Amino acid sequence: MSFCSQGIRHLDHFGFVCREPQESATWQRVCYIFQCHAGPLVDEIMLTLRQAFSVAASPPSPRTQSLSCCPMQQMHQLCERIQGLQPTSAKLELQKHIATLDSNHQASILESALRSKPKTAQEETEVLLSSLRRFYEERQKAHQNNPNGVLTQFAEAMGGAVKARGRSSEEQGERQKRPLSEPLEILWKENALEGSLSLQALCPYSSKDGPTQKCSPSRGYQQLGFRHRASTYSPPAQRHNPRSDAWQESVTSVKPRLRHNSVSTDSPCHGCDVPDPSGLDTVGDSDDSSQHHAVPWRQKIFLRVAASQRPCSAPPRYTAGGPSVEGGDSSEGGVSLREAGEGPARRRGSLVRERWRKAILQQILLLRMEQENQKLQASESDLQNKRLKLGYEELTPCLKDVTVVWEQMLETPGRTKVQFDIEKIHSAVWQGVPRSHRGEIWRFLSEQHLLRQRIPCRHTGRDASYRDLLGQITSQQHAILIDLGRTFPTHPYFSAKHGLGQRSLYNLLKAYSLLDSEVGYCQGLSFVAGVLLLHMDEEEAFSMLTFLMYDLGLRRQYRPDMIILQIQMYQLSRLLHDYHRELYCHLENHNIGPSLYATPWFLTIFSSHFPLGFVARVFDMLFLQGSEAIFKVALSLLGSHKPLIMQQNSLEAIVDFIKSTLPKLGLVQMEKTINQVLEMDLSKQLQAYEVEYHVLQDQLFEAPASLSQQQKAAQLERANRCLRQQNLDLLEELQVAHAKLDSLETNVAELLSREGNLHQKIGALELERDSLLKMVAQLQAEHRDHAPANGDPLDA
């Protein structure tokens with residue numbers, strides 16, 4: 001970047017000119033202009049760019065240049081040179097650097113790079129860089145610096161900086177009174193020289209003349225001015241002027257005590273040799289100079305922590321021998337580790353353990369409270385959803401006595417295997433179904449139906465798990481999503497787009513479309529599923545939908561060919577013809593067939609036009625009597641409103657009345673319709689009308705002589721398909737009939753056995769009666785024999 005500027009008229013704009021490489025290995029100047037959402041943001045960006053220009057223009061520090069003898073420092077400088085370059089340019093720079101090495105090292109590096117077989121320039125650059133890093137790491141292990149070079153230069157620079165500071169004695173006194181826990185960063189802000197080196201540049205130093213020792217980070221920081229690590233604190237001994245004699249004596253006196261409590265004397269620069277710090281300054285040599293060893297960095301951290309926990313009401317006193325603790329032994333010239341470390345450390349450890357114990361108990365309590373709160377919120381949400389679902393007006397209010405009867409049947413132990421009296425169930429349904437238990441009652445009615453039907457309807461894949469089906473993908477997804485917003489659009493549970501109701505409805509329809517691949521999804525099925533979801537959860541609704549479709553046979557009317565729906569329309573017409581002849585003739589005079597108004601009744605089971613209270617009662621009848629209930633409800637609705645329909649004199653008026661006005665009639669009229677349904681029996685008529693439809697269809701498909709062979713073959717093929725479908729339907733009906741026959745035969749056998757048992761009981765009772773009569777006659781005869789002949793009647 002060579003130039004940057006902020007807009008003059010538009011303060012929210014800024015731009016800069018930079019140099020970018022081209023494909024032809026040349027450079028071009030490019031200007032970028034940006035717009036921000038506010039002017040203050042541009043001011044911050046411009047300030048940052050100006051600071052970047054200042055840092056880039058500043059010359060490198062001589063102290064950083066003097067440390068280039070370190071192998072890892074050379075590797076660091078190489079990485080800085082290739083940073084930001086294109087792969088080809090970086091590769092060229094690495095090759096130039098490798099050329100400066102000796103021939104043996106060049107051969108080993110190039111051989112290791114060729115062994116990897118890189119395919120692109122980027123991969124080759126990475127391989128070369130990895131080989132060079134391994135090479136410099138091996139050299140770093142055996143490298144030793146010259147203390148007369150780098151260390152001397154740095155010591156001179158450090159001394160000059162200390163002299164240039166020119167602090168007064170009062171400032172030095174205030175500095176000595178700072179707490180021991182003061183971080184190293186504050187001291188370095190006052191003493192640091194210009195620039196800093198990366199921690200990667202930390203390398204071993206040795207002295208050829210004097211003894212060597214392990215290097216610790218704290219000493220390396222103070223001696224070389226390296227950039228310190230975060231959260232690292234300087235030891236108390238380094239708070240004083242390193243050029244004073246007192247500081248040297250205090251370090252000497254503290255070192256033996258630190259040896260006993262050190263966890264490890266290894267520093268991060270393991271294996272590095274550093275000259276004795278006394279080599280930097282010869283002032284104040286101690287008698288124990290032969291025992292001068294670097295204090296391990298772990299011990300220094302421990303000493304700082306132990307000393308910082310020592311209770312001190314007043315600042316520590318400083319003597320010529322270094323910092324001393326009140327009440328301590330000043331003859332030793334330092335801080336006693338046992339007095340300053342072990343006691344406070346133990347108290348601090350017990351305090352920390354107690355705090356951790358309390359924190360853990362509080363956390364456990366909070367978790368339990370949070371779990372209970374989540375349970376309460378879930379129960380409140382369930383109750384709110386249930387109130388939202390069952391917010392419709394009840395058609396037949398259920399009395400308390402009837403509710404008790406339902407609860408007794410629902411709470412019967414092992415009810416799935418107990419067959420209740422059908423008359424008792426019919427009576428309970430006729431008196432009403434409690435809205436709060438309606439979903440469970442529907443399940444109870446389905447269980448009773450399966451118990452009465454000894455041969456259940458079978459279907460491959462019907463036992464598939466609901467959760468497993470939800471994990472699959474359906475081809476009917478688009479059609480289902482379109483109809484979600486059309487299903488009960490005014491009901492609050494389904495009205496929210498992508499809400500809880502629509503998500504549950506989508507899951508239910510998706511699962512059934514995967515279960516029944518022949519039907520898949522059909523319009524109208526969403527309303528049936530929606531009514532089930534209003535009274536139970538998803539899995540129970542899926543189970544009840546499967547029961548309605550397979551066990552009650554509703555899936556036949558949702559098949560793609562819609563043949564069963566046509567048969568149902570014919571059956572409804574025949575019922576109108578037989579039971580309401582005048583209404584039938586009135587509709588026929590206006591060319592109104594059942595398909596114009598009754599198709600949604602059968603496909604949605606009256607739920608698309610009628611109120612939910614009436615629809616719930618229709619579902620009660622459906623679970624009790626099967627698909628026959630739909631015909632009964634349709635015939636009762638049309639028959640009970642025959643005078644009103646007869647008053648309409650046009651096709652549009654009649655259809656509009658049946659579709660719009662009829663569902664809005666009063667609850668009393670709808671309750672009357674439901675009561676009529678319970679008293680009707682149309683099973684024989686419906687079977688006869690279905691056979692009649694098939695006979696008429698066969699007569700219609702008889703081919704006349706004028707048709708060609710191809711047309712005849714096509715008609716025969718269609719007739720064959722219809723016959724096959726009818727054959728399958730008849731087989732299902734035959735299975736149902738056989739099941740009913742077996743059930744009736746079983747009932748007859750049970751009745752006969754009961755009758756035999758009753759005859760036996762009657763015979764036994766008659767014998768007992770005869771014996772009792774004989775006993776009474778004998779007692780009377782004995783009484784007469786013992787009575788006096790002419791005595792008083794009272795005596796007798």
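Me: Which residues of α21 does α20 meet?
Reply: Keep in mind that this is a predicted model. On the α20 side, the residues are Ser-504, Leu-505, Leu-508, Leu-509 and Tyr-512. Their partners in α21 are Leu-525, Ser-526, Ala-529, Gly-530 and Leu-533.

Me: How do the residues of that contact of α20 with α21 divide into nonpolar, polar and charged?
Reply: Leu, Ala and Tyr count as nonpolar, while Gly goes with the polar ones. On that basis the contact of α20 with α21 splits into seven nonpolar, three polar and no charged residues.

Me: What word describes how α20 and α21 lie to each other?
Reply: Helix α20 covers residues 500-515 and helix α21 residues 525-533, and they pack at about 120 degrees with axes 10 Å apart. Roughly perpendicular stops at 115 degrees and roughly antiparallel needs over 145. The pair is therefore oblique.

Me: And what is the handedness of the α20 and α21 crossing?
Reply: The angle of about 120 degrees is one part of the description. As for the handedness, the crossing of α20 and α21 is right-handed.

Me: Now α14 and α15: which way does α14 pass α15, left-handed or right-handed?
Reply: Helix α14 (residues 400-410) and helix α15 (residues 422-431) have axes that come within 10 Å and cross at roughly 140 degrees. That makes the two helices oblique to each other. The crossing itself is left-handed.

Me: Which residues of α15 make the contact with α14?
Reply: From α14, the contact uses Val-402, Val-405, Trp-406 and Met-409. By class, the contact has seven nonpolar, one polar and one charged residues. The α15 side consists of Lys-424, Ile-425, Ala-428, Val-429 and Gln-431.

Technical notes:
Residues numbered from 1 in each chain as written. Predicted model: local features only at pLDDT ≥ 70, side-chain atom pairs only at ≥ 80, totals over all residues. Heavy atoms only, no water. Axes fitted to C-alpha atoms, helices over the stretch in contact; angles between N-to-C directions. Helix = DSSP H or I, 4+ residues; strand = E, 2+ residues; numbered from the N terminus. Parallel < 35°, antiparallel > 145°, perpendicular 65-115°, else oblique. Left-handed = near helix turned anticlockwise from the far one by under 90°. Contact = heavy atoms within 4.5 Å.
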